[in-house]
Amino acid sequence: MQFSKKMREYKLVVLGSGGVGKSALTVQFVQGIFVEKYDPTIEDSYRKQVEVDGSQCMLEILDTAGTEQFTAMRDLYMKNGQGFILVYSITAQSTYNDLADLREQILRVKDATEVPMVVVGNKCDLEDERVVDKDQGQSLANEWRIRFMETSAKKKIGVNEIFFDLVRQINRKQPDHGRKSGGSGKKKCTIL
């Protein structure tokens, strides 16, 4: 068996308030099942190999805690993450309001003005309980110049698309497949 090149790995981080469906989205994507009961996450990591635009990719997905007590861990995974899924529930205005702080924290930790991100309004299957209009999510994403999607982990609506879109954003931002940015990776030494 021959490997022509090392499969590219992507570190994706799923962020948002508690109860918005971060774990449900992640588990639906990775395992194809819907987790009905809410069990607060501290931190779970998943790996899944997928094909995006003809290239094999290994996604390492970090499903993070939505509760405030774990904010100290946030800086670390924001620093290491390459792409971020900012999730709110369309049934809870406060979860939408929390996104601005998360985005600010990511940009501060990464010391960047732009980072691959997707704003996700989850639970779009609960239309009769909706309190955050689709327009609100779209206008926030437009203001931040990032993608917006509504999803339902329960009905598997838009789940794969958010992860694939993030991979495409990372590829556009860092097209170099084999190496980390910062030169050729080989240092030339001269012995005097």
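**Close-ups of a predicted model**

View 1. Lys123 sits in the loop that links strand 5 to helix 5. This is a predicted model, so every view here shows a prediction. Lys123 isn't a glycine, yet its phi is positive, at about 75°. Is its side of the story buried, exposed or partly exposed? Lys123 comes out as partly exposed, with a relative accessible area of 23%. Cys124, by contrast, is buried, at 17%; the cut-off for buried is under 20%.

**View 2. Strand 5 and its two partners.** Strand 4 and strand 5 run parallel and pair over six bridges. Look for Tyr88, which stands opposite Gly121 of strand 5. Strand 6 is also parallel to strand 5, and four bridges join these two. Here Val118 faces Arg147 of strand 6, and Val119 has Phe148 of strand 6 as its bridge partner. How does the chain get from strand 5 to strand 6, and which hand does the crossover have? The path goes through helix 5 (residues 134-144), and this β-α-β crossover is right-handed.

View 3. Six strands make up an open sheet, and reading across gives the order 2-3-1-4-5-6, with mixed pairing. Strand 2 and strand 6 (147-150) are the edges, each pairing on one side only. On average, neighbouring strands of this sheet are turned by 25° against each other, ignoring direction. Strands of a sheet pair through backbone hydrogen bonds, in either a parallel or an antiparallel sense. Helix 6 packs on the sheet and touches strand 1, strand 2, strand 3, strand 4, strand 5 and strand 6. The direction of helix 6 makes about 125° with that of strand 1.

**View 4. Helix 1, tucked in.** Eight of the 10 residues of helix 1 (residues 22-31) are buried, so the helix is largely enclosed by the rest of the structure. Which residues are they? The buried ones are Lys22, Ala24, Leu25, Thr26, Val27, Gln28, Phe29 and Val30. Their cover includes strand 1 (8-16), strand 2 (43-52), strand 3 (55-64), strand 4 (83-89), strand 5 (117-122) and helix 6 (159-173). Just past the end of helix 1, Gly32 takes a positive phi of about 75°.

View 5. The largest nonpolar core has 27 residues. Those with the most contacts inside this core are Leu12, Phe29, Leu59, Ile61, Ile85, Ile162 and Phe163. Strand 1, helix 1, strand 2, strand 3, strand 4, strand 5 and helix 6 each give two or more residues to it. Helix 6 provides the largest share, six residues. Zoom in on Leu12: leaving out neighbours within four places in sequence, it contacts Leu59, Glu60, Ile61, Leu62, Gly83, Phe163, Leu166 and Ile170. There is also a second, separate core of 24 residues, and Tyr96, Ile106, Val115 and Trp144 are among them.

**View 6. Leu107 and the end of helix 4.** Leu107 belongs to helix 4 (residues 99-110). Its relative accessible area is 12%, so Leu107 is buried. Not counting residues up to four places away in sequence, Leu107 touches Ala112, Thr113, Glu114, Val115 and Met117. Lys79 lies 28 residues from Leu107 along the chain, and their C-alpha atoms are separated by 9.6 Å.

View 7. Asp111 is in the loop between helix 4 and strand 5. Buried or exposed? Asp111 is exposed, with a relative accessible area of 71%. Like Lys123, which has a positive phi without being a glycine, Asp111 is a non-glycine residue with a positive phi, near 50°.

**View 8. Cysteines without a disulfide.** How many disulfides turn up in a search of the whole structure? The search finds zero. A disulfide is a covalent bond between the sulfur atoms of two cysteines. Cys57 is buried, at 1% relative accessibility.

Technical notes:
Residues numbered from 1 in each chain as written. Predicted model: local features only at pLDDT ≥ 70, side-chain atom pairs only at ≥ 80, totals over all residues. Heavy atoms only, no water. Buried < 20%, exposed > 50% of the residue type's maximum accessible area, 1.4 Å probe, protein only. Contact = heavy atoms within 4.5 Å. Pairing = 2+ DSSP bridges. Axes fitted to C-alpha atoms, helices over the stretch in contact; angles between N-to-C directions. Right-handed = clockwise from strand over helix to strand, strands pointing away. Core = buried A, V, L, I, M, F, W, Y, C linked by side-chain atoms within 4.5 Å. Disulfide = S-S within 2.5 Å.
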